[in-house]
Amino acid sequence: MKKFCPVCGIERDTEVIEKEEVSNIRGDEIRTISRIRICSVCKEELFDEDLDEENIKRAYNLYRERHGILSPEEIKSIRERYGLSQRAFAKLLNIGEASIARYETGALPEKSLSNMIMLLKDPQNMQKLLEKNGDVLTYREKNRLLQKLSRIMEEDTKAVKIPGELYKMLEEKARKEGKSTDELVEEILKKVV
Ligand SMILES: [Zn+2]
């Protein structure tokens, strides 16, 4: 890709190099290997919007991992589980609709908000929030969520419950066989059914 190099003063061939970078995210030092475009002739670093976005994303993901913050995909999937629009979800959480859109496309939410959304994975908690804060929703939004909630809860009660002791044994066996517990349980059930 050719780009204008301000040092050479003309358009030059460019190349992408990898470089360790330290970024400061909310007071936290995050070290990442960033990909940076440079002028092939004088090696000056040139701004590349796409690479810059990727680099920020990489640093944010590390920060998320370190602090247990939900990823954009997780936030979206929790919202969609309840069939909520971004607008309705934002109202329930008392934040702006634009913020939800940003969190779902890569912006970093505060830990407290992330925790709150994480708790909403549990339909019981969503129901509690709806009881407390449901007035912010329109009649239609509220009804839709209530219907969705009762369907989810119905499905949950149909799910097989495994006693704790037995589950521990299954976990142990799964670990020895290098599988996830869910995979092992599914395998066993398939043999029986
Ligand atoms: Zn140059």
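Ile25 has Asp28 of strand 3 as its bridge partner. This is a predicted model, in which local features need pLDDT of at least 70, side-chain atom pairs count only at pLDDT 80 or more, and totals for chains, interfaces and linings use all residues. Residues are numbered from 1 along each chain as its sequence is written. Helices (H or I, at least four residues) and strands (E, at least two) are DSSP runs, numbered from the N terminus.

**Strand pairing**

- Strand 2 (residues 10-25) and strand 3 (residues 28-39) run antiparallel and are joined by twelve bridges; two strands pair if DSSP finds at least two bridges between them.
- The hairpin of strand 2 and strand 3 has two residues between the strands, and Arg26 takes a positive phi near 45° there.
- Strand 3 also runs antiparallel to strand 4 (residues 45-46), with two bridges joining them.
- Opposite Ile38 stands Glu45 in strand 4.
- Five residues lie between the strands in the hairpin of strand 3 and strand 4, where Lys43 has a positive phi near 70°.

**Helix packing**

- Helix 3 (residues 86-93) and helix 4 (residues 97-104) have axes that come within 8 Å and cross at roughly 110°; axes are lines fitted to C-alpha atoms, for helices over the stretch in contact, and angles run from 0 to 180 degrees between N-to-C directions.
- Helix 3 is therefore roughly perpendicular to helix 4 (65 to 115 degrees).
- Gln86, Arg87, Phe89 and Ala90 of helix 3 make the contact with Glu97, Ser99, Ile100 and Ala101 of helix 4 (C-beta atoms, placed from the backbone, within 7 Å).

Technical notes:
Angles under 35 degrees count as roughly parallel, over 145 as roughly antiparallel, 65 to 115 as roughly perpendicular and the rest as oblique. Two residues are in contact if their C-beta atoms, placed from the backbone, lie within 7 Å.
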